[in-house]
Number of protein chains: 2
Amino acid sequence: MALTAFVEVKPDSHFSIHNLPYGIFKHRTDSTVTPRPGVAIGDYVLDLSAIHSAALFDGPLISGSDCFHQSNLNKFLELGRPAWKEARATLQKLLSSTEPALQNNASLRQKALLPMDEVEMLLPIAIGDYTDFFSSMHHAKNCGTIFRGPENPINPNWFHLPIAYHGRASSIVISGTDIIRPRGQGHPSGNSPPYFGPSRKLDFELEMAAVVGPGNELGKPIDVNEAADHIFGVVLMNDWSARDIQAWEYVPLGPFLGKSFGTTVSPWIVTLDALEPFACDAPNQIPPPLPYLAEKVSKNYDISLEVQVKPAGQEESFTITRTNFNHLYWTLTQQLAHHTINGCNLRPGDLLGTGTISGPESESYGCLLELTWNGTKELSLGKTTRKFLEDGDEVIISGCCKGNGYNVGFGTCSGKIVPSMP
Amino acid sequence: MALTAFVEVKPDSHFSIHNLPYGIFKHRTDSTVTPRPGVAIGDYVLDLSAIHSAALFDGPLISGSDCFHQSNLNKFLELGRPAWKEARATLQKLLSSTEPALQNNASLRQKALLPMDEVEMLLPIAIGDYTDFFSSMHHAKNCGTIFRGPENPINPNWFHLPIAYHGRASSIVISGTDIIRPRGQGHPSGNSPPYFGPSRKLDFELEMAAVVGPGNELGKPIDVNEAADHIFGVVLMNDWSARDIQAWEYVPLGPFLGKSFGTTVSPWIVTLDALEPFACDAPNQIPPPLPYLAEKVSKNYDISLEVQVKPAGQEESFTITRTNFNHLYWTLTQQLAHHTINGCNLRPGDLLGTGTISGPESESYGCLLELTWNGTKELSLGKTTRKFLEDGDEVIISGCCKGNGYNVGFGTCSGKIVPSMP
Ligand SMILES: [Ca+2]
Ligand SMILES: [Ca+2]
Ligand SMILES: [Mg+2]
Ligand SMILES: [Mg+2]
Ligand code: NI
């Protein structure tokens, strides 16, 4: 018999019993309840602290741990895959329609199963370091073509290693947080001083990001074939980008203020275990990767991704791109193994962004830079058009895996642009 | 009468009563004493937790705070300049030869004044984000000449903004920690695949780094004329760099694995208040900076800097460069103001590296890349020579301000190269 939850899960819900993504929530009204871990199920959040206090985590790894009495998931992430599997098995059983322990305990249900609209989601992890990769070949090719022309748009190093830069951890915010338009310098025109003021080329970047589990000690690289055990799960990410600031500052040391004003992540971390049924082959890599990047099994995931824009002052949202996680050239595990090959240490809760996920067709590009070809064409949004984002525009990223009669989804990752401060 | 300490301070000591730098120490032998804040005085460390427990911090800002009962300085940094000034005044008084409170209390002295060789210094701060600037014009010019030739070696943006990249926070280590030679990819030769193995161009970079105080909220830039209140102090820093890895990976997103295998900082944070007597004019900037970078007073500091190398298997160290902090083109306060102009938030304990500090003469260059002109000439070290660092080599950076009869010094920042793991 198929696994079903005793809690109602509507057919289009992202949060079936096959998903059970982890987040950190607080009550909207009851401020005496400290922020704590929960999993999403249908339109509810299950309070893991309450479940632990009720002694319903009966497995050996979780029962004695205080990881669900924390205000972030880092302690749980540190425990590693055996504990993650144990927690998942416990929760799938507890929530299943055939299990009475929670289903038939009205007072515990009342306490532990909270309607989603009564909670506010917080950043689920304390992020020590955030790295952003550049793993979509279509994105790399489009950026190269826009900035350097159609001949050899992709640098030769790109095919040998997952290119990345260190991002800014402090300005990572949870979905729903307004994004203040950054001010900064842009390229001078002629002999004038550089432009200074609010960015005139504000963009989003559709990305996903891996959340690191146990990590490694300084000096001890993680083998690519063991890298999956260091990835707890995945979130949606919007790497907001000010293209004018970025273009002027990035030579020779890479993106800095063009990116560091804000990065939005979705509240629910979907685990690799939940994504496993949606695993698919990663693209064939030519030239073949060096041995330290050559995986026995090279996996992508079939995750449909979509970006909607709700233009300032309008009620309607418009889908501007549809793409898929499986377009990535470098896998999450290759990214992680590469990151540590020099001995760099990863810590629980570190975030590894994939880079903008663009597909091959122009309707599947993952940012406005590509969609409007650096502002040379207009994108139509109902009665209005855009080259870049305007104040009041809201960008909503969503992602979902479609199973047989159920979804394993990510919910949304959204943010609205508000004007620069004077 | 000049301020003198009741503790013996030898004439060449870096740690006069005019200095009083902050660090975190633990006892080498007594593991029941938790890591805690201390200040250096002569050959001693003063235990600030013991002084606080003895109620000798009698000012209003520190007396009620638990900031000196922490295992890092972040809580103290968050308090801001008024608290830093209060603590400094209290400690200068307590340690002065005219003040009996500590001097004449033998049991407290015994407990709170520890010989330096009985303690081990730890990383003094929890570093949320680490940024590395590129603020020496001589360094920028040399790097540009080496990699792009002598015509226009410095990119035009360099003169308009303090160029920087996000660094890796997790791999920052305290002076004395061995540095494992990183492995990684280097440029392919001809049609071969890229080189892979231990770096063959391992380098140091002589830098200093500012330690951020209170910081700012996301979206609220710090005015350049108020930026000094957000800098607690300064440390020595060695931004170890693998030039072969860096050269192959850095286009287009900047340095990544060529830097992230390790960054060493000195244990003692010298405060801006202690450096104030050594303030000097910053260089005249042409073109003039944009208004947000134009300071009413533009300060550098006269800090003599020196790098010694102790080659593998030898007992003797050789001074390979002598330079000065005052060679920096962009000031610490300009760096900090620029960092936040886009709204990026800084947090207490964030680290802002200056970039390699090279002077104008070839004996004042701050890294081997410059000193050996990317390995095209040999550097003589007694009976041996180097183009880049070899396993077993130790690099020792030191820095000191010479006052009238006293020093305000940084001690040393050292690290030894150990071989890559197989
Ligand atoms: Ca990105
Ligand atoms: Ca550097
Ligand atoms: Mg961003
Ligand atoms: Mg480094
Ligand atoms: Ni419990």
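Me: Hi! What lies over the face of B:Y195, and at what distance from the ring centre?
Reply: That's B:R200, at 3.6 Å from the ring centre of B:Y195. Keep in mind that this is a predicted model.

Me: And in chain A, what sits over the ring of A:Y195?
Reply: There you'll find the charged end of A:R200, 3.6 Å from the centre of the ring.

Me: Okay, on to aromatics. How many aromatic pairs does the structure hold?
Reply: Over all chains there are 32 aromatic pairs. Take A:F133 and B:F256: their ring centres are 6.1 Å apart and the planes stand at 85°, so this pair is edge-to-face.

Me: Where do those two lie?
Reply: A:F133 is in strand β6 (residues 130-133) of chain A, while B:F256 is in the loop between α8 (243-249) and β16 (263-265) of chain B, so the pair joins two chains.

Me: Are they buried or exposed?
Reply: Both A:F133 and B:F256 are buried.

Me: Why does the pair B:W84 and B:F232 count as edge-to-face?
Reply: Because the planes of the B:W84 and B:F232 rings are at 75°, with the centres 5.0 Å apart. B:W84 belongs to helix α4 (residues 81-95) and B:F232 to strand β14 (residues 231-238), so the pair ties together parts of chain B that are 148 residues apart in sequence.

Me: New topic: where is B:N345?
Reply: B:N345 is in the loop between α10 (332-340) and β22 (351-353) of chain B. B:N345 is buried, with a relative accessible area of 9%.

Me: What is B:N345 in contact with, leaving aside neighbours within four places in sequence?
Reply: Its contacts include A:R168, A:S170 and A:S171, along with B:N216 and B:D350.

Technical notes: Residues are numbered from 1 along each chain as its sequence is written. Chains are lettered from A and ligands numbered from 1 in the order in which they are written. This is a predicted model: local features need pLDDT of at least 70, side-chain atom pairs count only at pLDDT 80 or more; totals for chains, interfaces and linings use all residues. Side-chain values use heavy atoms; hydrogens and water are left out. Helices (H or I, at least four residues) and strands (E, at least two) are DSSP runs, numbered from the N terminus. Buried means under 20% relative accessible area, exposed over 50%, partly exposed in between (1.4 Å probe, protein chains only). Contact means heavy atoms within 4.5 Å. Rings of Phe, Tyr and Trp (its six-membered ring) pair if their centres lie within 6.5 Å; planes under 30 degrees apart count as stacked, over 60 as edge-to-face and the rest as tilted. A charge sits over a ring if NZ of Lys or CZ of Arg is within 6 Å of the ring centre and within 35 degrees of the ring normal.
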